[in-house]
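Colleague: Could you take me through one part of this model in detail? I'd like the place where the two chains meet, plus whatever you can say about the chain around it.

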Amino acid sequence: MAQKVTIEPVTRVEGHGKVTIHLDDNMNVVQTRLHVVEFRGFERFVQGRPYWEAPVLVQRLCGICPVSHHLAAAKALDVIVGAGTGHGLTPTGEKMRRLMHYGQIFQSHALHFFHLCSPDFLLGYDADPAIRNVVGVAIKFPELATQGVLMRKYGQEIIAVTAGKKIHGTGAIPGGINKNLSIAERDALLNGPAPLNIDKMIEWADAALQLFKDYYMKNRDFVDNFAYFPSNHLSLVRKDGALDLYHGVMRAVDAEGNKILNDVDYQEYYNYIEEEVRSWSYMKFPYIKHLGKEKGWYRVGPLARLNTADFIPTPMAQKEFEIYKAHTNGKPNNYCLHTHWARLIELLHSAEVIRDLLRDPDLQKDDIVTKGTKKFEGVGLIEAPRGTLFHHYKINENDQITMANLIVSTTNNNEPMNQSVNFVAKKMMNGQATITEPMKNAVEIAIRAYDPCLSCATHALGKMPLDIKLYNAKGDVLDHYRS
Amino acid sequence: MSETVKFTIDGKECTAVKGQLLIDAAADNGIYIPLLCHMRDLVPAGSCRICTCKVNGRYMSACTTPVEPGMNIESNTAELNDIRKAIVEMLFVEGNHFCPSCEKSGNCDLQALGYKYQMMVPRFPYAFERRELEASTPKIFLEKNRCIFCKRCVRLIKDEQGRSIFAFKGRGKTLEINIDKKLAANMSDDLTMKAMNACPVGAILKKEVGFINSIGTRKYDKEPIGSDIEKIHQ
Ligand code: SF4
């Protein structure tokens, strides 16, 4: 008879998740599932609302990366108001939005690295969970913890001057933006008193990356072998193949690096992406249509982006990209924990992009909104910190939203997260009837590599204790662990 | 010549033209009495009661009371401010006011009064009335859930022949603001903006205008409601 192990909820994942591990009679893992049991309903709330409310309303999905939703919705509405995509906006409109977005990426990646991921490798993956957290890092590495806080603050300042406030601003409006960047705002970010200026941020981002590489060199075996499985990878890339987190065309590569989607205009994403519903999770499972459910699932996020992009258009990050790519001989990287490495390269890249944007005089110009002939449907895609985010809206002749479809990054990563958890469960769990400490940690680490925002996929933010239950075939609890 | 009269508000000596409405006379003397339904030069409605003062010891609405010589008026007292706060709370629970995604946020008089009176949680239960949105006119979105029945639009917004474009329908619980679709079809952009600006909340929205004022530049981002009036005589 089959056995079932339940781990819920997972700590240091933003949101709320539960893991069940299904064992057979010989205590071998047959299947592992990451359940997401909550549901948010924003796609329904926005129906009937005036379309220009969407960027402000839908961003309330999330307190972690609202800017991504704000911008993805605004990008979809750019199409609806006839401004088109990408360069359809005025230079000021597009660049202000880019600044907002890279500010968001910067703060989110910094948060993930310093607060959520660094405890694992600074204090050791097997350290006592009581100290293996951000407080433990702050006690042992106070300087580093301070850097984390200040980098996040810097990113939030960028969001505040572009979106109007740090969380849930209103900056992006259909066809553009509602403010430009004043000279005073620009100067404060460029040359503010140390450490809150862009040069220091680039220095710290680089230092964080070097720190991870150091750790990696010393723990290569662990990092490489933790969870490895081949998959497809999907993201936006700039038309010329450069990494671009704000705008581009859809590209997907397989585990070998063959392009399975290339140069796809995301207005037609629905011709390429399908979503599967499975009874045990509210979160859907997207896949690439022509490859089918079994073979078409893909990863998104930092790991995927550095697999699809040909190069990074800023010098320091490009140098790091080359080192990173050399590790897999230029082939796609399928090592789960290398996501942290990729994320830190993106952190550095974001800081460089922010610097270049701050120096751009277009940000002080007054031509901020574009309008053209109205359309009744629009799609907006953006590379959110955690991966590709899809917003799709239809409106009626009265300007009311009639349909909204959102595929958030964590939903895109649904299958890969399940695969990762399955991978580590099989490795650590087989033949055991009890849940061991290393096993518990491994499951958490596997999920955390994706920086999943389950709140955004479904539910509200919360840091939950770890709860593991082991059942026998009759449903009796054999073992119960609660932190 | 019109007669000048003297009176006091919260002990401060004021002067005004005899017969001027107390709420306007107070403003001209640098004293802000909160208001939602009142608009200078419109026929007083006296519907929201937020301007309630004590005039010679009796509760009176300042927007319907002409000043008389020697009047002794109390306005900024703990008792009256609590009554006003209660009115704001009632308005919040009676409609469906979701400030986070309302484009009037920051420019909304009701929200500004909520801040002024430090409303945290309303003392009354939410009614959760369900009112439909009227979106079928070419220029206006009428968000009936946010209407506070001040009647400003009904009194102010007329077509060229003087016909009201807005009107109330129903009574009591079923009362709601309505728009004459035929008349609304011919509204100019200016008249539409005038209606949107007159509405103290986000019930009248000009289509496609959303969120053009960035946070920091909105009416109540920098100063609380009434500051402009209180500054006149400082
Ligand atoms: S729609 Fe606005 S102006 Fe008209 S009655 Fe309602 S709140 Fe007052």
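**A close look at the A–B contact**

Modeller: Let's start with a helix end: α6(A) is followed by Gly164(A), whose phi is positive, near 105 degrees. Bear in mind that this is a predicted model, so local features need pLDDT of at least 70 and side-chain atom pairs count only at pLDDT 80 or more, while totals for chains, interfaces and linings use all residues. Residues are numbered from 1 along each chain as its sequence is written, chains are lettered from A in the order in which they are written, and side-chain values use heavy atoms, with hydrogens and water left out.

Helix α6 of chain A covers residues 142–163. Its 22 residues, at 1.5 Å a residue, should span 32 Å, and the end C-alpha atoms are 31 Å apart, which agrees; the expected span is 1.5 Å times one less than the number of residues. Chain A has 17 helices and 16 strands, taken as DSSP runs (helices H or I, at least four residues; strands E, at least two) numbered from the N terminus. Of its 483 residues, 64% are buried, meaning under 20% relative accessible area with a 1.4 Å probe, protein chains only.

Now to Ile173(A), which lies in strand β4 (residues 172–173) of chain A. Ile173(A) is buried, with a relative accessible area of 4%. Leaving aside neighbours within four places in sequence, Ile173(A) is in contact (heavy atoms within 4.5 Å) with Asp78(A), Arg97(A), Asn178(A) and Val369(A), and also with Gly210(B), Phe211(B) and Ile212(B) from the other chain. Val369(A) is 196 residues away from Ile173(A) in sequence, yet their C-alpha atoms are 8.2 Å apart in space.

As for the interface itself, 19 residues of chain B are in contact with 22 residues of chain A. About 1,800 Å² is buried between the chains, with carbon and sulfur atoms giving 59%; that's accessible area (1.4 Å probe) lost by the two parts on being put together, summed over both. On the chain B side, Glu208(B), Phe211(B) and Ile215(B) lose the most area to chain A, together 37% of what that side buries.

There are charges here too: the rule finds three salt bridges across the interface, each a side-chain nitrogen of Lys or Arg within 4 Å of a carboxyl oxygen of Asp or Glu. Glu143(B) forms a salt bridge with Arg49(A), and the closest N and O atoms are 2.6 Å apart.

Terms used: Buried means under 20% relative accessible area, exposed over 50%, partly exposed in between (1.4 Å probe, protein chains only).
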